[in-house]
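Q: Hi! Could you walk me through this one while I have it open?

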Amino acid sequence: MSKILKEHDVCLYIDSDAIFHRLDLPMEWLLNYWQLYPDSNSLGLAVDPDNDFNKDRFHKLYLNTGFIIAQNNPTTYKIFDAWQKCPDDGEPYPECTQFRLNAPGQPTDQGGFGTFVR
């Protein structure tokens, strides 16, 4: 997403299993409705359903990384950089290595992002 975003103001990432119920609504209208403004937001992600298995170790609901609206600003690149480095050994999040490999009931990219980066 970082590479694509360098050439655009906004980038939308969506998993292949996502469903849009209202194809008649323009994306610009949705950005305004969700209050995702370029001067105050870097990323927009949906919150997972309120179930215990959708919570991180701090009991906060995960943000669903299967639908991301990213705005082209310096903060977005800092977040993406931290997210990419998350499962590496050492800094910035030594405990994030637990999300390096997929295990039953444990999200990898979403787990690292939700538990440490956000």
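Q: Let's start with L45: which residue in β3 does it stand opposite?
A: L45 stands opposite I68 in β3. This is a predicted model, where local features need pLDDT of at least 70, side-chain atom pairs count only at pLDDT 80 or more, and totals for chains, interfaces and linings use all residues. Residues are numbered from 1 along each chain as its sequence is written, and side-chain values use heavy atoms, leaving out hydrogens and water.

Q: OK, and how do β2 and β3 pair?
A: Strand β2 (residues 43-47) runs antiparallel to β3, with five bridges between them. Two strands pair if DSSP finds at least two bridges between them; strands are DSSP runs of E with at least two residues, helices are runs of H or I with at least four, and both are numbered from the N terminus.

Q: What about β1 and β3, which way do they run?
A: Antiparallel, with five bridges joining β1 (residues 10-14) to β3. There, L12 stands opposite I69.

Q: Why would you call β3 largely enclosed?
A: Because eight of the nine residues of β3 (residues 63-71) are buried. Buried means under 20% relative accessible area, exposed over 50% and partly exposed in between, using a 1.4 Å probe and protein chains only.

Q: Switching to helices: what do the buried residues of α4 pack against?
A: They pack against β2, β3 and α3 (74-85), with contact meaning heavy atoms within 4.5 Å. Helix α4 (residues 109-117) has eight of its nine residues buried, including F113, F116 and V117.

Q: Nice. At what angle do α3 and α4 cross?
A: Roughly 120 degrees, and their axes come within 9 Å. Axes are lines fitted to C-alpha atoms, for helices over the stretch in contact, and angles run from 0 to 180 degrees between N-to-C directions.

Q: Which residues make that contact?
A: I79, A82 and W83 of α3 meet D109, F113 and V117 of α4.

Q: Now salt bridges. How many does the structure hold?
A: Seven, each being a side-chain nitrogen of Lys or Arg within 4 Å of a carboxyl oxygen of Asp or Glu.

Q: Which residues are linked in a network?
A: D50, D52 and K55. The closest N and O atoms are 3.4 Å apart for D50 and K55, and the N to O distance is 3.8 Å for K55 and D52.

Q: Is K55 exposed or partly exposed?
A: Partly exposed, at 24% relative accessibility. D50 is exposed at 59%, and D52 is exposed at 65%.
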